[in-house]
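Hi everyone, thanks for making time. Please have a look at the model on the screen, and then I'll walk you through it.

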Amino acid sequence: MDPGLVQNLAVLVLAGFLGFVVISKVPNTLHTPLMSGTNAIHGVVVLAALVVLGLGVEGVFNKVLLVVAIIFGTINVVGGFLVTDRMLAMFKHKPAGGADKEADR
Amino acid sequence: MSWLHDMALINSLYIVAFALFIYGLMQMRGPRTAVAGNWVAAAGMGLAVAATLLIEGMGNWLLIGLGIAIGTVISIPAAYRVKMTAMPQMVALFNGLGGGAIALISWAQFRDTAGYAHEPVHAVIASLFAALVGSISFWGSLVAYAKLQELLPGRPMTLGRAQQPVNLAMIVAAVAAAIVITTGGASGWWMIALLAAAAVVGLIVVLPIGGADMPVVISLLNALTGLSAAAKGIALDNTALIVAGMIVGASGSILTSLMAQAMNRSIPAIIAGGFGGGTTTPSSSG
């Protein structure tokens with residue numbers, strides 16, 4: 001078997017356990033922002049689109065598919081982090097009562 | 001400046017990037033540090049993108065710039081204009097786009113390499129898994145979005161008795177297509193069949209689920225997109241994708257079960273509705 005693959009599988013398994021540990025104890029109120037935050041992190045797929053398009057593909061249709069993939073991935077990343085920030089801003093200002101304005105938007 | 005394009009440097013930058021993802025996520029466990037944590041993770045993402053653009057032989061800069069520019073221009077107003085109450089469906093939409101991106105990348109690669117000819121078997125399998133799960137996530141998330149946005153009725157929509165057989169047939173079809181593609185030199189229609197069968201699964205599994213259960217489903221689809229990204233990372237030998245994708249896959253699964261617990265719902269009960277295991281009755285147990 002390809003030694004690179006074995007290494008990658010090791011990283012995969014360790015990252016899986018890490019993911020379990022990191023999220024196992026969180027307050028209920030943070031569930032939705034965490035879902036949104038992890039959602040933004042898997043926007044990392046944009047890297048795959050960058051690599052495949054950047055290292056060259058033949059054909060107009062393939063290029064169109066990959067540009068659309070980059071657009072999708074970018075929306076996932078940028079939108080994901082911004083939306084998470086807006087959700088978390090509600091926690092930040094809650095004691096001062098500043099969350100009302102944010103909630104009305 | 002050849003050292004700038006050295007894979008060792010790029011992989012080191014990836015290590016810094018996923019360390020930032022993990023640290024950011026850890027900070028997001030507490031309300032006080034969460035805002036900063038989100039930006040730490042975002043910085044990690046920026047670094048990962050920058051490192052990727054350094055890879056030797058990168059080209060098509062115009063198209064890359066165009067894609068990033070259009071994505072940014074669409075997402076900023078979308079993220080700021082959405083009402084707080086509409087956040088869950090926005091997350092569903094963003095999640096779906098991530099899954100869709102993976103499906104599209106895998107499809108483009110399939111077309112470009114004449115059906116993954118000359119690719120190592122593990123890369124083909126990982127890519128097909130990524131495409132299948134990505135497509136399920138894309139279409140499932142679109143349904144979740146449409147239901148919460150009230151573009152589709154929130155009540156459960158099923159195929160009735162056909163639900164289970166159709167589900168099963170589509171899963172069998174997708175796996176069969178994947179096997180044909182793995183044997184090599186398959187025609188382009190097999191890949192389209194795989195993506196389409198996965199699309200039908202995504203649609204008919206989420207359509208029967210009621211609006212009240214949707215946040216749990218979105219979290220599940222989020223975890224699936226993460227797994228799909230990790231698989232794509234294995235196929236492309238990209239550590240940043242493997243780590244970030246798998247962390248989301250694992251933490252998303254835990255989060256899904258925590259959310260279900262908080263709502264007094266069980267995940268099997270929610271998903272059973274999607275597979276035709278009787279209608280779900282949200283909140284009756286809660």
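A word on the ground rules. This is a predicted model, where local features need pLDDT of at least 70, side-chain atom pairs count only at pLDDT 80 or more, and totals for chains, interfaces and linings use all residues. Residues are numbered from 1 along each chain as its sequence is written, chains are lettered from A and ligands numbered from 1 in the order in which they are written, and side-chain values use heavy atoms, with hydrogens and water left out.

Let's stay with chain A. It has five helices and zero strands, where helices (H or I, at least four residues) and strands (E, at least two) are DSSP runs numbered from the N terminus. Of its 105 residues, 58% are buried, meaning under 20% relative accessible area with a 1.4 Å probe and protein chains only. Helix α2, residues 31–41 of chain A, is largely enclosed by the rest of the structure, because 10 of its 11 residues are buried. Among those are A:Pro33, A:Met35 and A:Ile41.

Now to where the chains touch. B:Ser75 sits in helix α3 (residues 61–81) of chain B and is buried, with a relative accessible area of 0%. Leaving aside residues up to four places away in sequence, B:Ser75 touches A:Thr74, A:Ile75, A:Val78 and A:Gly79, a contact being heavy atoms within 4.5 Å.

Next, chain B and helix α7, residues 188–206. At 1.5 Å a residue, its 19 residues should span 27 Å, and the end C-alpha atoms are 28 Å apart, which agrees; the expected span is 1.5 Å times one less than the number of residues. The buried residues of α7(B) include B:Met191, B:Leu195 and B:Ile204, and their cover includes α4, α5, α6, α8 and α10 of chain B.

Which helix gives the most to the lining of the largest pocket? That is α7(B), with five residues. The pocket has a volume of about 270 Å³. It is lined by 19 residues, with B:Ile136, B:Val201, B:Val205, B:Leu224 and B:Phe275 nearest its centre.

That's my tour, so over to you!

Terms used:
Buried < 20%, exposed > 50% of the residue type's maximum accessible area, 1.4 Å probe, protein only. 1 Å grid on protein atoms, 1.4 Å probe; cavity = no way out; pocket = protein on both sides within 12 Å on 5 of 7 lines; lining within 4 Å. Points joined across faces, edges and corners; volume = space filled by probe spheres on them.
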